[in-house]
Amino acid sequence: MSQSYNRGLIEDFGRWREFTAGMWAWIFHKFTGWVLVGYLFTHIAVLSTATVGTGAYTETIQGLESLFIVRVLEVGLLSVAVFHILNGVRLLMVDLGVGLESQDKSFYAALIVTGVIAIASVPTFVEGVF
């Protein structure tokens with residue numbers, strides 16, 4: 001027989017304050033994973049225009065590259081990918097028993113490195129839009 005657990009009220013929105021760095025790392029890792037899966041389908045849709053012809057693919061890429069919002073989304077995609085990779089390496093190290101006592105610090109380091117890379121990439125991605 002299963003045992004029920006008191007998980008609190010669904011309406012208790014203040015519970016997020018109880019989350020530790022490990023819980024936030026888990027949430028961000030799952031979120032970034034789903035974003036990358038969603039991007040995969042978008043990427044396949046754009047690449048499928050090449051089956052129509054070379055001109056259609058070129059026009060699609062040039063049309064997307066001219067939009068500022070697409071450039072902003074590319075920075076977001078880079079941020080998502082970098083965090084997912086860094087957090088995945090962090091999880092691998094934890095699974096191997098390396099750095100068990102400094103999991104919080106490594107999560108914060110992954111966030112900081114992701115932020116630095118995202119900010120440093122903005123000029124490259126926004127170049128040529130204006």
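This is a predicted model: local features need pLDDT of at least 70, side-chain atom pairs count only at pLDDT 80 or more; totals for chains, interfaces and linings use all residues.
Axes here are lines fitted to C-alpha atoms, for helices over the stretch in contact, with angles from 0 to 180 degrees between N-to-C directions. Angles under 35 degrees count as roughly parallel, over 145 as roughly antiparallel, 65 to 115 as roughly perpendicular, and the rest as oblique. Helices are DSSP runs (H or I, at least four residues), numbered from the N terminus.

I noted that α1 passes α4 in a left-handed crossing; that term applies if the near helix is turned anticlockwise from the far one by less than a right angle, and right-handed applies if clockwise. I then listed the contact (heavy atoms within 4.5 Å). Ala21, Gly22, Trp24, Ala25 and Phe28 of α1 meet Asp104, Phe107, Tyr108 and Leu111 of α4. These residues divide into seven nonpolar, one polar and one charged. Nonpolar covers Ala, Val, Leu, Ile, Met, Phe, Trp, Tyr, Cys and Pro, charged covers Asp, Glu, Lys and Arg, and the others, Gly among them, are polar.

**Numbering and thresholds.** I number residues from 1 along each chain as its sequence is written. Local features need pLDDT of at least 70 and side-chain atom pairs count only at pLDDT 80 or more, while totals for chains, interfaces and linings use all residues, and side-chain values use heavy atoms, without hydrogens or water.

**α1 and α3.** For this pair I read an angle of about 130 degrees, with the axes 9 Å apart. α1 and α3 are therefore oblique to each other, and their crossing is left-handed. On the α1 side the contact includes Phe28, His29, Leu36 and Tyr39; on the α3 side it includes Leu77, Phe83, His84 and Arg90. I get 10 nonpolar, six polar and one charged for the contact.

**α3 and α4.** Helix α3 (68–95) and helix α4 (103–126) pack at about 155 degrees, axes 9 Å apart, which makes α3 roughly antiparallel to α4. I recorded a right-handed crossing for α3 and α4. Their contact has 16 nonpolar, six polar and three charged residues.

**Largest pocket.** I found about 520 Å³ of space in the largest pocket. It is lined by 16 residues, and those closest to its centre are Tyr39, Thr42, Val70, Glu74 and Leu77. α1 (21–47), α2 (54–65) and α3 each give two or more residues to the lining. I count the lining as 11 nonpolar, three polar and two charged.

On a 1 Å grid over the protein atoms alone, a pocket is an open set of points where a 1.4 Å probe fits, with protein on both sides within 12 Å along at least five of seven lines; lining residues have an atom within 4 Å of a point. Its volume is the space filled by probe spheres set on the points, which are joined across faces, edges and corners.
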